[in-house]
Structure formats: C-alpha cells, structure tokens
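User: Hi, I'm new to this one and would like a quick tour. Can you start me off with whatever I need to follow along?

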Amino acid sequence: MKVYDEEHDAIFPKHWKVGEILTHVFAEGTREDYKGILSRSTRGGQTLDVKLLLSCLQQTLDFEHGLERKFSSNSRTSIDTTTSGTDVSSHPVSISEAFEPYLGLWVDQQDRELSRLLLEYRSRPSRAPDEEFNPEHVIPSSTELIKFYQVSLAQCAKLSTSQPLLDLSKVFGKYLEQYSQQVLLFYISEKPSGHTPSRVPTTEDVIMTLNTADYCYITSNQLEEKIKSRIDEQLRDQVDLQSQADAFMGIASAAVRALVRRVEIDLEPSWGEMRNTAYGKIESCENNSSYVPNLQNKIKERTSSTMQMLHKQQYARAFADNLVELLSNTYLTNISLCKPISEAGAEQMLLDTHEIRKTLSQVVPGNPPPAAFLKRVNTTMGRIEPLLKTLQVKPSPPEALVQAYLIHIADLSDNNFKKVLELKGIKNKSEHGQLLELYQMHKLSPRYQGSLVERSPLLTNMIAGFATSTVAGQTTTSGGAATLHNLSALGNSAAASLSTASLPGNINMKFADAAGLGSALIDRFSSSTPTVGGAGTPREGTQSPLPPPSLNLPNLTITPAPNTDSPNGDSESEAGSTKLNENLKNIGKFFKRDLSSFGRFGGSKSASPAPEERV
C-alpha cells in the first residue's frame, strides 16, 4: 500500500478508487490472518494475554481510523462516541472484527476487577475518620464505582458495540446489585453486639446511605440510557438496569426506616414508664401522664435534627409519615400492655393521645404544616380513640359497655370483644359471661344490621401483636419488633433488623450484612395519600376503624442466609442474592410510587446529592 501511494497512485484515475480497493483487500487478508493467529493461540486450553490482546486491538482500531480519515471527507467524529460498525467509506475497513469473539476475555477481566473493588468497598467506613460529615454527601465508593463504569463503557464502545457491550452491561448490573446488597445495606444494618439490643447504625451513616442510594438510582437510569445509545439497535431492548435502580430505591426506603428506628430507640424509656403506670388505679385525671413531656421532647429533638439533614422533600415526608405510623402502632401496643385499664385510666390515655398528636403535627415544618400531613396524623392517631372511648364506659349497667363497643369498635368478633373485657380487667366469670351473652344478642339485632364489620382490624392486629410481643420472657416495645431482641436465632449470619413496629400483621424486616447475602428482607412504606379509616362510628359511616395504610405488597419471602460452608455454598449464595435483590426491587417500586406525589426524583441539581459528573 505504501508502494502504491508513492509510485502508482498518479497513474490511475481518481474515480477508480484503486487505493480504496487495495486497502479493502489488505484489510480482508489481514483480518483472516488475525483470525488464524488468535484461533491457534487458544488451542489446547491456552489463554490469551488480555493486555496484549487489547493493545493489538487498539492499534488496529487506530489504523482503521486513519484509513477512514484518508478515504472519506466525512470521517467519524470520534471513535469514543460512535459505534465501530459505522463506516462512511464505500469499502468498509473491518480488521478489528477478528478480535470480537475474544472480547469476552476483556469483559471477564472487568468482572474480576469489579469483584476486587466490591471487596474493598465492603471493608471501608462510609467516610474517612478525619472527614467532616456533610448531609448532602454520598459515600465515596459510589462515585468511584460509577467512574469505573464510565471508563469501561467508553473503552468497550471503542472495541465493539455488539454482544461484548451487552455482556458488559450485564456485568454492570451484577455489581450494581452487589453494591446495594453488600455495601449500602450493610451500612444501615444493626450489627450484633453480643447483647441486647444490637448496635444501631449512626444517623450520619444512614443519611449518607440514603443520599448514595438516591444517587445510584439516578445514575443507574442514566447508565442504561447511555448504553442503549451506543449498542447495536438489535440488542438495545436487552439492556435493562431498571431492576438495579429499583433495588436502590429499596435501600432508600430501608434508610428512611432506619432513621425512624433511631427515634424509636430514644422513646423506649418513655414507653417503659407508660407501661409501669397503674392505669387500673387511676380515679381521675387533670394533667398529662408523667411520661408524656419527656416523650414529646425526645420526638422534637430527634425529628428536628433528622429533618434538617434530609434535604430532599420526598425523603423528609416519608420519614415523617413513617414516624407517625410507628408511634401510632407502638402506642396502641403499649396500651394493650397496660391492662387493667380503669375508666379514668382510659380517659387519661385519651388526654395523652391528644398531646402526642399535637406533637406529631409539628414534625413537618410549616406554619401551618402541610394539610395532607395533618390529615395523616389525625386519621392515624384517631383510630386509637374508638378503643379508648369504649374503655371509658363502665361495665355496669352491662348494656352500656356492649352498646359502646358496637358503636365505636363496630365489629362481630367475639375474640375482639373479649380483648376489650381483658383490657378493662373484667375477670369475674359470671360478669364476663353476661357481657358476652349480651354482646352476641345485640350484634345480631336489626339496629346494627349492615353497620358492623366481621373483625375490626385495629383490635385484630392488636391481639396478634400482643401475642407475639414477648421474646425470651421479655416484653418488647411492640409485637412487630419482636425479632429485634432475638438476633441469636439468625445463626452465624450477622443479620440485624430495623424497626417494624409500624408494620401491619407484624411483618418483620431483617437486613443482612455483607457476609450473608441471602438474609431476609421485608419492608413496606405507607402511601403518600392517607387511606386510614377515620375514627368514625357507624353513626358517621359503616366502616370500622382501619389499620395502618396497606400497599397490597407482593409476597416477599424471608430467605435464610446461605450456608457458605456447605458444598453448595456458591449456589446458595447466588440464590440468596437473587431473592434479596428481588425483595429490594419490589420494595423500591412501592417506595418510588409513594414518593412520586411529593416531587420528582433528581428534579434539580441543587436537590440531588449526586456529584455533578454524569455517566
């Protein structure tokens, strides 16, 4: 080709394009020679030197690019930003195609390097010991991971935009999953400390994890779009990182609940004081119970500091909503642990309920606070009032108590009615039987026909919570948090649980550390629009008070931690990781849906904790 350029180019007419034809023939021959060399180099199980392979491929790409500039006035603008299959020359130069079947070796190398990085990230703290905490910062390893992805993507786009790029996208997805499970989830897990309770993650760690999950959610979507813009069109539909993005939203939801858990821990002494109060001996009430002022102060202190660190409206509102659900359910559970409760004791509790409601109404800043949030507080705390109003009625005459139950609780469940009698401390068999007989007679009367539900969710859930609120002979703060103080049951997996006091049906949310990929994870977040039934009676409506909002979550299976010491340890770990990611993804979908009413994700740079760089 050099001889032609120097000695023969002037002989032939330009429109014959002899130089291009010779180049095409040279390229075809060189490509076949490369194929033969590469094929022989891999015979008998031999492996290629990946660095040498990439070096040869890069030189070949540079050579092709030089030829394109020579033979076309409309050359590719940049080898970094266009596909290797694009060629404006009438005679495509395709020597590099010989390397494509072997690019899997390079993809495997990226896989190994990412595996090494994940091990390193797992051992790092969320920030350097000498680094000052900033509530808008993300965990540094996340930006390092995304930077690695940027470099790998740019390099692969130069080498190939077909199957190797698709394979690389799958590797990206694999390690995005592992980063969410093994790194971020670990930061917000409660760590076993050898005694009860376990060590709770710091607020700073949780805030940085929340910021990082939000950043990774946004970046995962950007990464998917960038890969789709570079990959061959026939492979575009196979690029999908939405599952990974949803998993990061699941981490964000867990981080918000971890912040709520911090409040729960602060309030436990106050709830303990409530349980130690003899409500059965109270004869009159004028002021709040002794535990209420301290409870209010703790709520104000912790929520104020937390809300100042949550610079995105969506997460601040989610924190407030979940806190309301937590306190409502914890308060209800503690009521069930204060039996017997006299009529004056129930009146005292009703007075305390109004004070707690007033404090919760001030969690979200504003003068006045947002109307939707106030409605949530009123409906969530209001569902406790029918029970307390029923307990305020004396058992004599017996018809009065039965009528109060049918008006306020408004259900047909004998078990629920017995629970009310138990809370009032009615143990006399004769009196107990008379009341139950009157209840069974009145509930079937025409007066209440069509106005009673089968079972009041409020009392039904309270009964379930009360039945499971004792672990190893100790009473916990709520039935839903029963597993919080029984971590030893999880065996060698360093599992931990975040608070689930606010979950209906006593659903427990457990988190695994980096050593146990398959540990259980269940969570759910309340809807942004209050769906709680009011405290109304059948006179105001036919519905009995409803339980906390339910999202009709899919069945999220609790998966035991894989046994890494068994012969099938790898397969068990992979299965556990898949299940954990599926749970995180499902949680993230619901959490993302709930937050959508509060604002857009990443709607503005100023609102996002993500660094300015983009994929």
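Analyst: Helices (H or I, at least four residues) and strands (E, at least two) are DSSP runs, numbered from the N terminus. This is a predicted model, where local features need pLDDT of at least 70 and side-chain atom pairs count only at pLDDT 80 or more, while totals for chains, interfaces and linings use all residues. Residues are numbered from 1 along each chain as its sequence is written, and side-chain values use heavy atoms, with hydrogens and water left out.

User: OK, where does Phe12 lie?

Analyst: Phe12 lies in the loop between α1 (2-8) and α2 (18-41).

User: Is Phe12 buried, exposed or partly exposed, and why?

Analyst: Phe12 counts as partly exposed because its relative accessibility is 32%. Buried means under 20% relative accessible area, exposed over 50%, and partly exposed in between (1.4 Å probe, protein chains only).

User: New topic: what's in the largest nonpolar core?

Analyst: The largest nonpolar core has 130 residues, and Tyr179, Tyr331 and Leu387 have the most contacts inside it. Helix α8 (residues 242-275) gives the most to this core, with 16 residues. A nonpolar core here is a set of buried Ala, Val, Leu, Ile, Met, Phe, Trp, Tyr and Cys residues joined through side-chain atoms within 4.5 Å.

User: And which residues does Leu387 touch?

Analyst: Not counting residues up to four places away in sequence, Leu387 touches Leu332, Ile335, Ile409, Val420, Leu423, Leu458, Leu459 and Met462. Contact means heavy atoms within 4.5 Å.

User: Switching to charges, how many salt bridges does the structure hold?

Analyst: There are 18 salt bridges, each being a side-chain nitrogen of Lys or Arg within 4 Å of a carboxyl oxygen of Asp or Glu.

User: What does Arg116 pair with, then?

Analyst: Arg116 forms a salt bridge with Glu113, with the closest N and O atoms 2.5 Å apart, and another with Glu120, where they are 3.5 Å apart. Glu113 and Arg116 sit 3 residues apart in helix α4 (residues 103-122), so about one helical turn separates them. Glu120 and Arg116 are 4 residues apart in helix α4, again about one helical turn.

User: What about Asp321, which residue does it bridge to?

Analyst: Asp321 forms a salt bridge with Arg376, the closest N and O atoms being 3.3 Å apart. Asp321 lies in helix α10 (residues 313-336) and Arg376 in helix α12 (residues 371-382), so this pair ties together parts that are 55 residues apart in sequence.

User: Are those two buried or exposed?

Analyst: Both Asp321 and Arg376 are buried.
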